[in-house]
6 protein chains.
Amino acid sequence: MDKEPLVYLNGEMMPASKAHIAIYDASVVLGATVTDLERTFRHSIFKLEEHIERFYRSCKYARLKPPVKLEHTKQIIEELVEYNTQWLDQDKELACIQFISPGEFKIYAGAAGAPGGGLEPTYCIHTFPLPFSVWKHYFLEGVHVITPSTRHIPPQCLDPKIKCRSRMHWWLADQETQLVDPKAVALCLDLEGNVTETSGSNFLILRDGEIWTPTTRNILHGISMHYVKELAEKSGFEFRERDFQVYDVINAEEAFLASTPYCLAPVTQINGIPIGEGKPGPVFEKLITLWSEKVGLDIKEQILNSTL
Amino acid sequence: MDKEPLVYLNGEMMPASKAHIAIYDASVVLGATVTDLERTFRHSIFKLEEHIERFYRSCKYARLKPPVKLEHTKQIIEELVEYNTQWLDQDKELACIQFISPGEFKIYAGAAGAPGGGLEPTYCIHTFPLPFSVWKHYFLEGVHVITPSTRHIPPQCLDPKIKCRSRMHWWLADQETQLVDPKAVALCLDLEGNVTETSGSNFLILRDGEIWTPTTRNILHGISMHYVKELAEKSGFEFRERDFQVYDVINAEEAFLASTPYCLAPVTQINGIPIGEGKPGPVFEKLITLWSEKVGLDIKEQILNSTL
Amino acid sequence: MDKEPLVYLNGEMMPASKAHIAIYDASVVLGATVTDLERTFRHSIFKLEEHIERFYRSCKYARLKPPVKLEHTKQIIEELVEYNTQWLDQDKELACIQFISPGEFKIYAGAAGAPGGGLEPTYCIHTFPLPFSVWKHYFLEGVHVITPSTRHIPPQCLDPKIKCRSRMHWWLADQETQLVDPKAVALCLDLEGNVTETSGSNFLILRDGEIWTPTTRNILHGISMHYVKELAEKSGFEFRERDFQVYDVINAEEAFLASTPYCLAPVTQINGIPIGEGKPGPVFEKLITLWSEKVGLDIKEQILNSTL
Amino acid sequence: MDKEPLVYLNGEMMPASKAHIAIYDASVVLGATVTDLERTFRHSIFKLEEHIERFYRSCKYARLKPPVKLEHTKQIIEELVEYNTQWLDQDKELACIQFISPGEFKIYAGAAGAPGGGLEPTYCIHTFPLPFSVWKHYFLEGVHVITPSTRHIPPQCLDPKIKCRSRMHWWLADQETQLVDPKAVALCLDLEGNVTETSGSNFLILRDGEIWTPTTRNILHGISMHYVKELAEKSGFEFRERDFQVYDVINAEEAFLASTPYCLAPVTQINGIPIGEGKPGPVFEKLITLWSEKVGLDIKEQILNSTL
Amino acid sequence: MDKEPLVYLNGEMMPASKAHIAIYDASVVLGATVTDLERTFRHSIFKLEEHIERFYRSCKYARLKPPVKLEHTKQIIEELVEYNTQWLDQDKELACIQFISPGEFKIYAGAAGAPGGGLEPTYCIHTFPLPFSVWKHYFLEGVHVITPSTRHIPPQCLDPKIKCRSRMHWWLADQETQLVDPKAVALCLDLEGNVTETSGSNFLILRDGEIWTPTTRNILHGISMHYVKELAEKSGFEFRERDFQVYDVINAEEAFLASTPYCLAPVTQINGIPIGEGKPGPVFEKLITLWSEKVGLDIKEQILNSTL
Amino acid sequence: MDKEPLVYLNGEMMPASKAHIAIYDASVVLGATVTDLERTFRHSIFKLEEHIERFYRSCKYARLKPPVKLEHTKQIIEELVEYNTQWLDQDKELACIQFISPGEFKIYAGAAGAPGGGLEPTYCIHTFPLPFSVWKHYFLEGVHVITPSTRHIPPQCLDPKIKCRSRMHWWLADQETQLVDPKAVALCLDLEGNVTETSGSNFLILRDGEIWTPTTRNILHGISMHYVKELAEKSGFEFRERDFQVYDVINAEEAFLASTPYCLAPVTQINGIPIGEGKPGPVFEKLITLWSEKVGLDIKEQILNSTL
């Protein structure tokens with residue numbers, strides 16, 4: 001197809017329809033995959049450097065060595081996004097994902113040798129148009145979060161600071177949460193009962209006029225979350241990293257999700273209890289406006305007007 | 001190719017070389033995959049019923065509904081194994097794997113809709129010849145286990161009783177263990193310091209003349225482990241499920257790994273300390289002999305003589 | 001009123017309408033109240049001895065000394081039940097509650113002295129007709145249980161083996177659970193993720209043909225649960241006390257609540273997932289039939305036919 | 001009685017002697033009661049706004065809706081205190097308590113319906129003269145605290161940030177503590193061994209010239225504690241919220257209890273070991289003096305001279 | 001001195017007054033010492049084999065290799081006891097201790113080399129007359145145990161199954177306990193609140209007619225405790241290893257300490273609450289009588305009549 | 001010997017060869033010993049005041065009362081160092097250790113009385129030349145740290161803030177670590193998986209341009225670590241106390257050990273993964289240079305040139 005996007009897979013650029021993963025790949029067999037994701041604004045990538053650096057930090061922790069250097073990865077991403085945006089409508093944006101797994105366990109394909117012997121990493125970079133309509137209701141009604149009985153995995157088992165794809169517990173948490181409300185989002189507590197994050201975003205609250213994020217012990221070091229920090233401090237809010245609990249969320253003035261695809265969304269309920277006024281609040285509006293100014297488009301409007 | 005094995009994928013039998021996973025499949029994206037594995041002895045499957053039932057129990061826990069009923073899965077496995085063993089040497093055996101994921105996130109392929117909306121499970125069954133040579137040294141020197149600093153994931157986060165493929169923590173544990181000895185196997189402790197299991201097997205000890213397995217709170221309900229129980233009780237050993245710690249392993253008379261591919265292997269060291277005499281012991285020999293008699297071949301010899 | 005039931009309060013028998021608690025009573029101020037509850041079958045009390053003994057064990061743990069001896073308490077209960085059943089319809093039954101608190105903090109009433117100085121226990125025994133209609137749907141559809149994010153209080157803070165009235169966490173757990181389903185019952189996990197009990201009953205499962213109860217570390221030593229044990233063992237089922245988790249409940253053949261007021265009820269769903277066939281099962285029927293025979297009335301029918 | 005104080009109960013002002021709680025009220029049956037307490041200085045209430053706001057935050061967490069709005073509660077309290085102080089001696093002060101429970105379980109009174117169906121909250125506001133003499137020895141010898149073996153309840157079971165009346169664990173902790181010294185006060189550790197609070201006060205230490213409070217994860221957000229913060233910062237002390245342990249208390253320069261009824265008291269021993277000089281220290285004196293100046297009376301003298 | 005007992009130290013028998021430890025010995029510097037202790041009855045050693053085997057198990061766990069083989073250690077002990085009892089009164093008995101440390105850190109004495117390089121273990125065996133009078137009150141009033149706020153060290157830090165001399169936490173626990181009662185003995189809870197052991201003995205209870213010991217996860221595998229098991233089972237009592245809590249001790253029929261020096265002692269109070277009748281009970285009497293018969297002397301009388 | 005160093009033991013100065021510990025001393029029997037250590041630069045003691053004060057804080061926690069006052073201890077140390085340095089080469093330095101134990105259990109020597117009755121503390125102060133060559137490779141290759149499976153002891157069992165000699169867990173951790181690399185140093189995690197300290201030093205990282213130390217909840221309040229803080233802040237680095245995990249160390253720019261004998265050493269690997277460039281970094285160089293300037297000698301050179 002003429003307009004088919006390209007995918008980078010193991011050293012080659014290829015049409016998306018040719019990009020497959022072997023059923024014996026460690027990504028399928030173990031979920032031992034490290035990943036990261038960035039997005040465009042007006043077709044150019046936001047905070048690419050930060051995303052790639054975090055990706056390489058995750059790789060180092062997981063003892064997975066990307067076959068190309070950081071600078072080269074950056075270049076591939078830029079090429080890919082440039083190519084894949086050429087037929088994209090102006091009001092649409094791309095997400096770009098890179099992921100790496102230990103590689104194919106060729107033994108499952110009948111090859112001789114040890115299961116893990118001589119593995120070569122599987123390394124893939126691909127894009128997709130951001131499905132904005134998925135998040136429309138976040139900006140109309142606000143997000144409803146639910147704390148499921150499933151707890152977040154502690155760092156001594158698998159550190160949530162790496163962006164990895166062993167995510168069965170998030171699948172379980174979200175399924176459990178949807179018993180209450182099919183649109184609700186799971187907000188996992190850690191083993192001590194502290195608030196952590198959702199399956200796809202950092203969680204923040206406005207409490208006593210300060211913006212609080214859970215301690216980074218337990219959560220992804222979100223690049224959007226760090227940008228919220230920057231915007232919040234510019235706007236005169238103190239930004240604090242600290243342990244907090246459901247009580248603090250129930251009694252917060254506002255709450256937010258921060259995530260690369262939709263930047264920042266207002267959270268208006270927890271466990272069925274309204275947060276603040278139970279609707280998107282003024283600090284959310286302030287922050288999303290600043291962010292929109294920075295990137296030269298109205299983030300909220302782009303999502304609300306999207307047909308994708 | 002004439003002799004190419006078949007793979008069952010989403011309702012179709014196809015040559016293995018045609019069986020791929022989309023890079024947007026939940027198995028790749030989330031590792032939210034449930035699986036199970038059985039093997040043949042003399043080309044016929046051992047304890048198939050038990051494996052399929054455990055697989056369906058895992059699916060129920062993970063809220064993944066296999067697209068075919070249990071009886072049908074059994075039939076597919078039997079057909080596949082029959083077909084795929086036809087060109088297989090007499091001294092080789094097959095493993096058969098079934099796995100299911102929530103399906104393809106078509107949104108990543110540019111389709112409209114919610115990320116999790118209308119997912120259809122990806123369901124795959126495939127086989128591969130057991131790479132016996134991988135385990136030869138288990139039967140010559142015995143297995144060396146190491147307790148890494150990484151802890152096993154607790155059931156309130158993700159229950160180890162399901163066989164799933166969110167296994168990054170096992171990847172990490174094994175990598176850490178291999179710092180001590182490249183052939184060593186990680187034996188994870190749980191958060192309370194109890195011995196649990198390895199990435200691919202149950203762990204048992206002979207202690208004060210009884211055979212102990214860790215409590216099933218923390219581990220896969222191994223079908224091989226249950227068969228060891230049967231054999232042990234027939235041989236007059238009491239078999240007990242109980243919490244135990246590294247002290248007990250250090251001071252055990254013998255220790256074992258139980259796992260579908262190689263059945264039962266002797267463990268002769270923990271953290272560099274010899275267990276018992278530091279070599280495969282008489283109870284191991286007794287159990288593997290009984291098992292071999294049951295399946296009509298010498299399990300240990302088949303492995304030691306293998307060229308694969 | 002002629003037909004007004006009597007209440008025993010601090011040494012006196014009085015009409016129910018005269019029995020009040022001071023707003024400064026420790027039961028109101030601290031919830032530091034120990035209690036127990038028994039019921040009648042055909043207007044005579046079931047297992048009174050066991051209930052009183054458990055009550056005195058709870059009192060001993062809580063360092064509360066009932067002002068009358070065990071034998072005397074028994075006598076008061078018998079008199080009260082005899083009196084209060086005299087106008088009761090044949091198809092109705094009484095529950096009888098005894099409770100004790102450290103007593104009135106008279107300082108709040110303006111008296112001089114230390115807050116805890118010279119407290120005299122408040123000791124009350126009263127009855128009420130069992131509101132059977134509350135539990136009708138338990139026997140029609142079965143009970144639906146939900147595991148809330150709220151965890152059960154651990155024994156080193158407050159031992160769940162005593163029947164006490166500091167139950168705010170149960171109020172919270174049940175409120176949270178009712179977000180999913182207003183009729184659902186909270187089944188709390190402990191801090192390690194083991195299944196414990198509900199706010200008003202013990203929880204049991206039928207698993208691999210055995211009946212399992214959570215270890216008594218974490219739960220009330222239910223007198224109904226012990227009676228189920230007796231009936232189960234008579235019927236040839238092994239009865240085991242052991243830690244188990246949500247996985248085991250999801251994959252149980254049947255599950256039950258055991259509780260004094262309704263004896264035994266079938267549990268047919270956990271977190272929206274059907275248990276076994278998703279309806280009351282044959283082992284439940286067997287046990288409730290045996291119990292009914294023992295007490296000389298059809299327990300299930302009495303509840304289903306009740307107008308109260 | 002002419003001089004009888006008024007009590008507000010469920011919408012009515014009534015003489016104290018008429019204010020009773022039904023034995024079926026949720027406050028008695030469950031201890032599911034939310035409360036707060038404020039006091040007067042020179043017969044006018046201190047920090048009323050803060051106390052009522054905290055009370056409404058506790059209610060929100062507990063899903064209990066006061067039948068009147070915050071402003072109205074404030075008005076009732078003011079009326080009550082004005083009325084109830086009219087015969088009070090000049091050197092005496094009132095405490096005012098508000099509490100709310102889910103209401104009467106009328107089913108226990110023989111009414112039909114579900115146990116929790118159609119509950120109307122029980123809402124009560126009452127006052128009592130502060131029994132200053134209870135705290136005299138705090139200011140003469142200083143408070144002796146003991147860490148009992150009983151641990152504080154963790155937030156994932158019941159958040160200590162709400163002021164509630166499920167306090168059996170505090171009853172137990174104080175009873176255990178009094179084995180060492182009948183005047184000693186229990187200072188509970190949390191499950192990780194951090195210092196938390198006492199049954200009726202916040203606990204603070206002076207350490208390396210800074211004032212430390214335990215992290216607010218585990219404790220009531222004390223209004224007196226916050227006022228100490230204000231006074232301390234005014235006096236040039238850094239005020240830090242952080243986890244600390246018994247070692248830090250043993251080696252503190254001074255330690256304090258902060259609590260509404262007596263404001264601030266010096267702690268001079270922990271587990272029998274003197275803190276600092278083992279007597280009330282200069283920082284205590286400074287803070288209580290500042291507080292006294294603020295409220296226009298000598299707080300310590302008022303207590304020491306009290307006959308109540 | 002003629003009658004001076006001998007001590008075995010690093011391969012030599014020497015008079016006790018010559019046996020010293022260097023201030024740079026690992027036993028002094030690290031407390032990294034493994035030990036065991038046995039006693040005589042009528043001047044002959046009881047269960048020597050069991051004690052030595054446990055000692056060698058502890059050594060294996062601690063990676064300390066005794067310089068002589070097990071059989072040789074046995075021989076040394078026997079010689080030492082024979083020699084050292086020769087002037088001992090008939091009514092007195094010896095305890096014999098063996099201990100091993102990693103050896104002298106000669107670097108502290110100014111020698112060159114790595115701190116741990118080329119260490120040679122320090123190995124000592126010595127005896128002392130059992131100071132029976134220390135335990136007289138155990139048999140007159142019974143032992144009073146107190147649960148201190150200090151918790152037992154968990155096996156993942158240091159396994160209590162080894163008898164080692166890093167015992168500062170026991171020193172702290174006993175000091176804390178003696179605040180309540182100078183004769184009281186600390187009974188430590190583990191991190192989950194289960195009862196474990198005292199600083200010098202195993203703890204057992206009689207509960208519902210069975211004898212319970214804490215699970216051996218958390219405690220020394222006491223040789224006296226195992227002998228109590230043997231005697232209890234002979235007497236028709238079921239002996240169970242299980243987790244239990246303070247509630248169970250408070251409501252036990254009897255409780256006991258089992259320890260090599262005094263064999264078995266009745267526990268009559270916990271935290272100031274009487275256990276059973278609050279005095280030595282009939283099961284204690286039965287067990288100590290059986291034990292006395294076995295060893296050919298009245299254990300209790302020997303202690304009560306002792307002048308040492 | 002003329003040049004024999006002096007040791008202070010129980011009130012007396014004596015030649016080192018006369019200073020012994022009884023085999024019944026509590027330091028040998030219990031490891032219940034509190035200690036501290038300081039060193040000289042150019043033969044004069046560094047931060048003596050701080051070390052002695054910390055020693056007395058440890059003693060207070062452990063309820064051990066040094067027989068001489070703080071000022072006197074200081075004087076003894078100064079005398080000892082002055083005397084013991086008189087024959088010491090200019091390029092060598094002394095370490096000075098003080099330790100205290102509860103004293104000799106004379107009962108083990110056959111004396112009458114209770115085991116703990118009338119104990120008099122054993123109090124010893126001694127010196128030794130710093131064995132610099134032990135640490136040479138720290139400054140050439142950098143230190144390699146390994147996180148063992150053994151966890152650090154939590155403060156509620158034994159507070160790591162006191163410098164005590166119940167260190168069997170450190171012995172175990174270091175032995176386990178040396179399986180990977182005989183020169184590696186154990187870096188223990190706490191029960192929650194946070195990084196704590198090594199057996200002989202504080203651990204710090206440079207992360208995002210700040211210097212981080214683990215929270216002092218879990219570690220010795222190192223005097224060298226505090227001095228690093230002072231130097232770091234002078235050099236414009238923010239110094240933060242916070243929980244961090246292995247991920248943070250892997251992704252740190254640099255890492256350090258801080259310890260009295262060698263001041264500050266660069267850490268260049270964790271679990272076989274290079275930290276930063278995998279060699280001593282510029283911030284290390286800056287800090288050690290500042291320290292060297294302060295003490296008037298080149299700390300690194302002194303160690304690298306040492307023959308001891």
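Modeller: Let us take the interface of chain B and chain A, where 14 residue pairs are in polar contact, both residues of each pair being at pLDDT 80 or more. That confidence value is part of the description since this is a predicted model. Which elements of chain B give two or more residues to the side that touches chain A? They are the strands β3 (20-22), β6 (94-101) and β7 (122-129), together with the helices α1 (26-29) and α5 (168-177). By class, this side of chain B holds 40 nonpolar residues, 15 polar residues and four charged residues. Between chain B and chain A the number of salt bridges is zero.

The extent of this contact can be stated in residues and in area. Chain B contributes 59 residues, and chain A likewise contributes 59 residues. The size of an interface is often given as the accessible area lost when the parts come together. For chain B and chain A the buried area is about 4700 Å², and carbon and sulfur atoms give 71% of it. Three residues, B:Ile23, B:Met168 and B:Trp171, supply 16% of the area that chain B buries against chain A, which is more than any other three residues supply.

Chain B also meets chain F. In that contact ten residues come from chain F and ten residues from chain B. The area buried between chain F and chain B is about 810 Å², with 56% given by carbon and sulfur atoms. On the side of chain F that touches chain B there are four nonpolar, four polar and two charged residues. Four residue pairs are in polar contact across this interface, both residues at pLDDT 80 or more, while the count of salt bridges between chain F and chain B is zero.

Some pairs of chains do not touch. Chain A and chain E are one such pair, with their nearest C-alpha atoms 14 Å apart. Chain C and chain F are another pair without contact, and their closest C-alpha atoms also lie 14 Å apart.

Helix α2 (residues 48-61) of chain E has 14 residues, which at 1.5 Å a residue should span 20 Å; its end C-alpha atoms are 20 Å apart, so the two values agree. Among the buried residues of α2(E) are E:Leu48, E:Ile52, E:Phe55 and E:Cys59. An α-helix has 3.6 residues a turn, so residues three or four places apart point the same way. The buried residues of α2(E) also include E:His51, E:Arg54 and E:Ser58. After α2(E) comes E:Arg63, with a positive phi near 55°.

Technical notes: Residues numbered from 1 in each chain as written. Chains lettered and ligands numbered in written order. Predicted model: local features only at pLDDT ≥ 70, side-chain atom pairs only at ≥ 80, totals over all residues. Heavy atoms only, no water. Helix = DSSP H or I, 4+ residues; strand = E, 2+ residues; numbered from the N terminus. Expected span 1.5 Å × (residues − 1). Buried < 20%, exposed > 50% of the residue type's maximum accessible area, 1.4 Å probe, protein only. Contact = heavy atoms within 4.5 Å. Buried area = accessible area lost by both parts, 1.4 Å probe. Salt bridge = Lys/Arg side-chain N within 4 Å of Asp/Glu carboxyl O. Polar contact = N/O pair within 3.5 Å; in protein donor to acceptor, adjacent residues only side chain to side chain. Nonpolar A, V, L, I, M, F, W, Y, C, P; charged D, E, K, R; others polar.
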